[in-house]
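Reader: I'd like to learn how to read the pockets and cores of a model like this one. Could you walk me through it?

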Amino acid sequence: MKVLLIKDVKSLGKAGEIKEVKDGYGNNFLIAKGFAKAATTEVLRKYEADQKRKAEELRYEIESANKLKNEIEKITLTIKKPIGENGSLFGSVTKDEIANALDEQHKYKIDKKSFDISEHIKSTGIYDIKVKLGNSISANLKVNVEGE
């Protein structure tokens with residue numbers, strides 16, 4: 001019996017492979033436990049169509065992330081914070097403040113968890129912040145911290 005593996009099966013193969021197995025093993029274990037489907041032409045056609053759709057979605061996500069990367073790298077975000085007597089900021093600039101300022105000033109909604117701040121921003125100046133956009137694509141956002 002031929003089966004299309006839906007999940008990886010140890011000592012048999014990886015998901016997406018077509019394997020020839022004994023009828024009892026195929027029906028009673030692989031298909032019953034949801035590891036495989038019987039490899040009929042209809043199942044194979046549907047699987048190939050799903051793979052094409054997933055590849056198109058991934059290509060679209062990568063294109064969108066690259067476009068967003070190019071747009072973000074052109075931006076210099078300005079954040080104004082109160083300054084103490086010694087010239088340093090009260091507190092530090094947080095990821096949440098950066099995400100809110102990016103949304104208010106440029107209408108890009110990016111989750112605060114996507115920002116990678118390597119150093120605490122506790123003084124005025126221009127900082128490079130890494131923004132993770134998914135699919136191993138990241139952009140560098142310039143943040144200009146000014147005192148009020």
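Author: Gladly! Let's begin with residue classes: Ala, Val, Leu, Ile, Met, Phe, Trp, Tyr, Cys and Pro count as nonpolar, Asp, Glu, Lys and Arg as charged, and the others, Gly among them, as polar. Please keep in mind that this is a predicted model.

Reader: With those classes in hand, how do the residues lining the largest pocket divide?

Author: The lining holds 6 nonpolar, 2 polar and 4 charged residues. Among the residues that line this pocket are L4, L5, I6, K37, Y47, D50 and K54. The space in the largest pocket comes to about 180 Å³.

Reader: Which element gives the largest share of that lining?

Author: Helix 2 does, with 6 residues. Strand 1 (2–5) and helix 2 (41–73) each supply at least two lining residues.

Reader: Now for the interior. What is the general idea behind a nonpolar core?

Author: In soluble globular proteins, nonpolar side chains tend to be buried together. Here, the largest nonpolar core has 23 residues, and L77, I98, F115, L133 and L141 touch the most other members. Two or more residues of this core come from each of helix 2, strand 4 (76–81), helix 3 (95–106), strand 6 (125–134) and strand 7 (137–147). Strand 7 is the biggest giver, with 5 residues. Apart from this core lies another, of 7 residues, including V3, V21, L30 and A36.

Reader: Let's take one member. What does L133 contact beyond its neighbours within four places in sequence?

Author: L133 is in contact with A65, L68, K69, I72, I110, S138 and A139.

Reader: Which side chain does K81 join through a polar contact?

Author: The side chains of K81 and E97 are joined by a polar contact of 2.9 Å. Leaving out residues up to four places away in sequence, K81 also touches L89, F90, S92, V93, E146, G147 and E148, along with E97.

Technical notes: Residues numbered from 1 in each chain as written. Predicted model: local features only at pLDDT ≥ 70, side-chain atom pairs only at ≥ 80, totals over all residues. Heavy atoms only, no water. 1 Å grid on protein atoms, 1.4 Å probe; cavity = no way out; pocket = protein on both sides within 12 Å on 5 of 7 lines; lining within 4 Å. Points joined across faces, edges and corners; volume = space filled by probe spheres on them. Helix = DSSP H or I, 4+ residues; strand = E, 2+ residues; numbered from the N terminus. Core = buried A, V, L, I, M, F, W, Y, C linked by side-chain atoms within 4.5 Å. Buried < 20%, exposed > 50% of the residue type's maximum accessible area, 1.4 Å probe, protein only. Contact = heavy atoms within 4.5 Å. Polar contact = N/O pair within 3.5 Å; in protein donor to acceptor, adjacent residues only side chain to side chain.
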